[in-house]
Amino acid sequence: MPSRREVVRRVAVAVAVTTGLGAGALAWSSTLLGEYSVMDMGAGVAGGHDDHAGPGASAGGAGEVSVTSLSVDPDRPADVRVELVARQETVQVPGGRTVEGYTVNGTSPGPELRARQGDLVEVVFVNESVADGATLHWHGIDVPNAADGVAGITQDAVPVGGRHVYRFEATDAGTYWYHSHQVSHDQVLRGLLGAIIIDPAEPADVAADVDVTALLHVYGGQHTLNGRVEDEHVDAEPGEVVRVRVINTDQGTAAVWSAAPYRVVAIDGHDVTQPTDVDGQRLLIPAGGRADVAVPAPEGGAVRLHVGGARSILIGDPDTTEPPAARQPSETLDLLGYGTPAPLDFDPANPDRSYDYVIGRRFGLIDGRPGNFWTINGRMFPDVPMFQVTEGDTVVMRLRNDSGEVHPMHLHGHHIVVLSRDGVPASGSPWIVDSLDVRPGETYDIAFLADNPGIWSDHCHTLPHAVDGLIAHVMYDGVTTPFTINGTAGNHPE
Ligand code: C2O
Ligand code: CU
């Protein structure tokens, strides 16, 4: 691995040439990456306002801790232990045609993992034949950093024939998913993923009589529900409530709607406080996001819940004549004001750090590859800001989208609370997410508590956008990583 100074010099080889298109409106910049460490990203970039009283904190020096040591107690025995084997092979898509992709234990999606809140989960991951190497990331679960599964940051990609053990406590009940975080714009698209559900330690307040998972994924243009190009039927008695856990593993927003009223009982694994009936509106789920929807079975017959535009779930009497498809409502449920306010477990009113994350776009070259790349605060990857925090900080971030396309922004290792959108304060249940769609022209103020030390990706979950530079990191003071990107280990997290 080259010295840090060498790396800084290499990533700093950036040439900006204004084009002849007038007023320097378009700037070309050319960056050669070579092997680099995320710790060197953002070098020389002023990093937001540090609201600490003392001098700005800096990483390094005495007391450095490696990401590899940020793990659960190695002596604690596992409550749930599974082996997951990844293969690169032909994926059978029931009801459709096969595609070339990736499987976990022989299928895509892989097996649904289930744990109870408080369990110590141990997953032995084996790469049998994924040529580029692979990892597993636990999307939405606040795992310790060593278990985050990001190639080149928290581990090396697991080569063919290799294995890696992930251990974490299932702290928050809810609906989550796992996926590879190595060459993820290819491996996630082509199926290296699955669902993981954490059941509450205590029975849920929102009683559900039936609990089903609806994992959405598009395989080679085929819209699937739980891996099949087929609709599903959930047999339920009149009045029974069915909890449908919708998981959007795709690259764009998914819509959910029904001709009958439904309730949104959880978003991204966090319960909504006192959800009310949604009638005549659709719910939108960002790429990577989840929503648990409660649907009562009707008195006689069945209701149809549309999930993701092309598939649906019939809920009720299996022998009934199927209700017709309902047209997708044009009106969208606004989660900014849905449910009832409740206290947060931290106070975002007096943040220790405030950062901007402004998304733009410009032409340039990265590693000789020309493109219309995403920018963050006007800078192009890897010269983007590093969001430095100290453990215990309350962090407020202003996400602004000046880029003309929607971006589902995803922060690893933390859940964030939405404070406002375009200056309008949140007025409903705490809207707690790990994946948030920021539409063109929108500004969101969000906050999180820095309570999970590590180096954490903070990126767009439309993964082709991430590979084109829409990725930054939240880095805790004093945390270091021995892993590198683009080097001999072959780590390419995006
Ligand atoms: Cu689900 Cu960094 O990703
Ligand atoms: Cu994006």
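His407 and Cys460 are both buried. The model is predicted. Buried here means under 20% relative accessible area.

The copper ion (ligand 2) has three protein donors: His407 through ND1, Cys460 through SG and His465 through ND1. They lie 2.0 Å from the ion. Along the chain, the donors of this copper ion follow the spacing H-x52-C-x4-H. His407 sits in strand E29 (residues 407-411) and Cys460 in strand E35 (residues 455-460), so this pair ties together parts that are 53 residues apart in sequence.

Next, the open space. The largest pocket has a volume of about 1,100 Å³. Its lining counts 47 residues, and those closest to the centre are Gln117, Ala173, Gly269, His270 and Asp271. By class, the lining divides into 22 nonpolar, 12 polar and 13 charged residues.

Now the packing. The largest nonpolar core holds 80 residues. Which of them touch the most other members? They are Val244, Leu283, Ile315, Tyr357, Trp431 and Leu436. Strand E36 (residues 471-476) gives the most to this core, with five residues. Where does the core lie relative to the domains? Domain 1 (12-69 + 344-480) and domain 3 (210-316) both give residues to the core, so it lies between them.

Note on methods. Residues are numbered from 1 along each chain as its sequence is written. Chains are lettered from A and ligands numbered from 1 in the order in which they are written. This is a predicted model: local features need pLDDT of at least 70, side-chain atom pairs count only at pLDDT 80 or more; totals for chains, interfaces and linings use all residues. Side-chain values use heavy atoms; hydrogens and water are left out. Donors are N, O and S atoms within 2.8 Å of the metal (3.2 Å for Na, K and Ca); water is not among the atoms, so sites may look incomplete. Helices (H or I, at least four residues) and strands (E, at least two) are DSSP runs, numbered from the N terminus. Buried means under 20% relative accessible area, exposed over 50%, partly exposed in between (1.4 Å probe, protein chains only). On a 1 Å grid over the protein atoms alone, a cavity is a set of points where a 1.4 Å probe fits but cannot get out, and a pocket is an open set with protein on both sides within 12 Å along at least five of seven lines; lining residues have an atom within 4 Å of a point. Grid points are joined across faces, edges and corners, and a volume is the space filled by probe spheres set on the points. Ala, Val, Leu, Ile, Met, Phe, Trp, Tyr, Cys and Pro count as nonpolar, Asp, Glu, Lys and Arg as charged, and the others, Gly among them, as polar. A nonpolar core is a set of buried Ala, Val, Leu, Ile, Met, Phe, Trp, Tyr and Cys residues joined through side-chain atoms within 4.5 Å. Domain bounds come from an automatic or database domain assignment.
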